[in-house]
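Dear colleague,

I am handing over a structure that you have not worked with before, and I would be grateful if you could read the notes below with the model open beside them.

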Amino acid sequence: MNGIRAAYRKGFMDWLEKSNPDILCLQEMRASSDQIPTQIREAGYFEVHHVAEKKGYSGVSIYSRNEPDVIEVGMGTDWIDQEGRVCCIEVNGITVFSVYAPSGTTGDLRQDVKMRFLDAFYAFASKKLWEGKAVLFCGDFNICHEEIDIHNPKQNKNTSGFLKEERDWVTSFLDLGYEDVFRKLHHGEPDLYSWWTYRAGAKAKNKGWRIDYHLATPALAEKATEATIEKEWDLSDHAPVSIIYDLG
């Protein structure tokens with residue numbers, strides 16, 4: 001969102017009315033619970049929020065048309081949970097997470113934090129596989145996996161978000177037993193990005209990065225029928241990544 005309040009001013013409710021998702025996962029809310037626009041809930045959604053302790057920072061949310069059977073907030077790791085990076089619902093037998101991984105772009109200290117988060121998240125996601133449920137992680141992982149996922153891979157090979165160790169982490173996560181649902185439906189298609197810097201007209205030139213994912217257990221990934229990055233909306237520096245799952 002790069003701030004839910006900013007996105008709201010830029011037409012978020014118009015997008016919500018048009019897209020009408022059954023489940024909506026939001027990241028980088030940058031708001032306390034009482035600052036999140038009530039109009040989203042009033043549009044007919046149950047809501048779950050994980051707010052960062054630091055004001056105006058991070059934060060994830062999930063909205064669901066159906067009342068969740070289970071709600072989880074956090075990963076159970078204090079230093080991660082203080083930053084409001086993971087929340088979860090279980091609805092209709094599917095466990096859905098909203099995830100916001102740290103960015104390492106501000107320097108070595110935060111890059112180290114990012115890698116520590118990824119290691120902890122890998123272990124967390126491994127345990128979820130052992131439970132044998134349908135699982136879906138939606139969110140901003142701040143990593144482009146392959147060269148096809150970034151507009152200028154050679155120039156960015158030493159940039160946080162496209163470092164070898166980060167890309168290797170995504171590979172290992174997929175090897176663990178999850179699928180990149182968007183890429184599964186758009187295999188080999190270039191120039192499909194979900195984030196663009198505000199600088200130098202990057203979005204108009206489509207000089208972007210695909211850093212927002214649906215990572216699903218295989219049986220659930222097989223139910224995905226359509227995946228779209230809604231680039232036409234300018235709610236933030238990210239575009240919504242919307243996927244239709246046929247659960248019938």
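In what follows, a contact means that heavy atoms lie within 4.5 Å of each other. Please keep in mind that this is a predicted model.

Helix H5 covers residues 108-130, and its 23 residues reach 34 Å from the first C-alpha to the last, which is close to the 33 Å expected at 1.5 Å a residue. Several residues of H5 are buried, including Val113, Met115, Phe117, Leu118, Phe121 and Phe124, and Lys114 and Lys128 are among them as well. The cover over the buried residues of H5 includes strand S4 (70-73), helix H4 (78-81), strand S5 (86-91), strand S6 (94-100), strand S7 (134-140) and helix H6 (164-177). Just after H5, glycine 132 takes a positive phi of about 75 degrees.

Some of these strands belong to an open sheet of 6 strands, which has mixed pairing and runs in the order S4-S5-S6-S7-S9-S8. Its edge strands are S4 and strand S8 (179-180), each of which pairs on one side only. Within the sheet, S6 and S7 pair in the parallel sense over 7 bridges, and phenylalanine 97 has phenylalanine 137, in S7, as its bridge partner.

By class, the lining of the largest pocket divides into 23 nonpolar, 12 polar and 9 charged residues.

The second largest pocket has a volume of about 860 Å³, and of the 35 residues that line it, Ser103, Thr105, Asn142, Trp195 and Asp237 lie nearest its centre. The lining of this second largest pocket has 9 nonpolar, 16 polar and 10 charged residues.

With kind regards

Notes
Residues numbered from 1 in each chain as written. Predicted model: local features only at pLDDT ≥ 70, side-chain atom pairs only at ≥ 80, totals over all residues. Heavy atoms only, no water. Helix = DSSP H or I, 4+ residues; strand = E, 2+ residues; numbered from the N terminus. Expected span 1.5 Å × (residues − 1). Buried < 20%, exposed > 50% of the residue type's maximum accessible area, 1.4 Å probe, protein only. Pairing = 2+ DSSP bridges. Nonpolar A, V, L, I, M, F, W, Y, C, P; charged D, E, K, R; others polar. 1 Å grid on protein atoms, 1.4 Å probe; cavity = no way out; pocket = protein on both sides within 12 Å on 5 of 7 lines; lining within 4 Å. Points joined across faces, edges and corners; volume = space filled by probe spheres on them.
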